[in-house]
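Hi everyone, thanks for coming.

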Amino acid sequence: RETYFNLEKIQEVDKFGIEFQKNCIKKVSEYLKFNKLDTGGIIVIENNQGIQTRYTWGRYSTEDSEEVRETTPYDLASISKLYLTYCILKLHEEKKINIYDYCKKYLPNFGNSNLRIIDLLTHMTNFNISLADYRKKYTNVDDLKEQILQIEAPIFKSEEVAYQNTTYLFLQEIIEKVTNNSLENIYTDFF
């Protein structure tokens, strides 16, 4: 089932006040949960005066997983992958990197690997890990990232596409090393 939200109405929400916003968010989250479209999440409404409201609901991934809090870390969503890809391609265009560079040039855990940046971008890698398992073991975001960035990379690229969010954490690390800047700052400048 597809869900559509009227962007014009969402943009007008600000003039109705914070209680109206909270009620809208609650209704959206109840709809998602009732129709089993989502187990939980975080919605933030922000305007030029800063964050106006945050609303959390449900559980992280399954009915028996931890309850969602404002500090619950979520994987990079698909839209973030587009921005990361843009950043990588921009660095390539600026000749700061080459998408055919070996990842070991930037990432120490790729020392024995023949993987290239393009392999990460095109999901031609398989780290054979469960991000959900790592998330259970490392509940602190920084610890989780540190542990994932220490995973030994496969020697060769996959024969088939292996869609994994972890590859984008490695791309983020490359971007931050090359620019000597955090992804958060890069995105802030971008927008």
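Helices here are DSSP runs of H or I with at least four residues, and strands are runs of E with at least two, numbered from the N terminus. Before going on, a word on where this comes from: it is a predicted model, in which local features need pLDDT of at least 70 and side-chain atom pairs count only at pLDDT 80 or more, while totals for chains, interfaces and linings use all residues. Residues are numbered from 1 along each chain as its sequence is written, and side-chain values use heavy atoms, with hydrogens and water left out.

Now back to H7 itself, residues 166-179. The expected span of a helix is 1.5 Å times one less than its number of residues. For the 14 residues of H7 that gives 20 Å, and the end C-alpha atoms are 20 Å apart, which agrees.

Is H7 enclosed or open? With 11 of its 14 residues buried, H7 is largely enclosed by the rest of the structure. Buried means under 20% relative accessible area, exposed means over 50%, and partly exposed is in between, using a 1.4 Å probe and protein chains only. Among the buried ones are Tyr168, Phe170, Glu173 and Glu176.

Next, the largest nonpolar core, which has 31 residues. A nonpolar core here is a set of buried Ala, Val, Leu, Ile, Met, Phe, Trp, Tyr and Cys residues joined through side-chain atoms within 4.5 Å. Which members touch the most others? They are Ile88, Phe110, Ile117, Leu120, Phe170 and Ile175. Two or more residues come from each of helix H3 (78-93), helix H4 (117-121), helix H6 (141-148), H7 and helix H8 (183-190). H7 gives the most, with 6 residues.

On to the aromatic rings. Rings of Phe, Tyr and Trp (its six-membered ring) pair if their centres lie within 6.5 Å; planes under 30 degrees apart are stacked, over 60 edge-to-face, and the rest tilted. By this rule there are 5 aromatic pairs. Phe110 and Phe127 have ring centres 6.1 Å apart and planes at 70°, so they are edge-to-face. Phe110 is in the loop between H3 and H4, and Phe127 in the loop between H4 and helix H5 (131-137), so this pair ties together parts 17 residues apart in sequence. Phe110 and Phe170 are also edge-to-face, with centres 5.2 Å apart and planes at 80°. This second pair links distant parts of the chain, 60 residues apart, with Phe170 in helix H7. Phe110, Phe127 and Phe170 form one aromatic cluster.

Finally, the charges. A salt bridge is a side-chain nitrogen of Lys or Arg within 4 Å of a carboxyl oxygen of Asp or Glu, and the whole structure has 5 of them. How far apart are the closest N and O atoms of Lys145 and Glu173? They are 3.9 Å apart. Lys145 lies in helix H6 and Glu173 in helix H7, so the bridge ties together parts 28 residues apart in sequence. Lys145 is partly exposed at 23% relative accessibility, whereas Glu173 is buried at 17%. Glu176 bridges to Lys145 as well, with the closest N and O atoms 3.4 Å apart. Elsewhere, shared partners join Lys90, Glu94 and Lys96 into one salt-bridge network.
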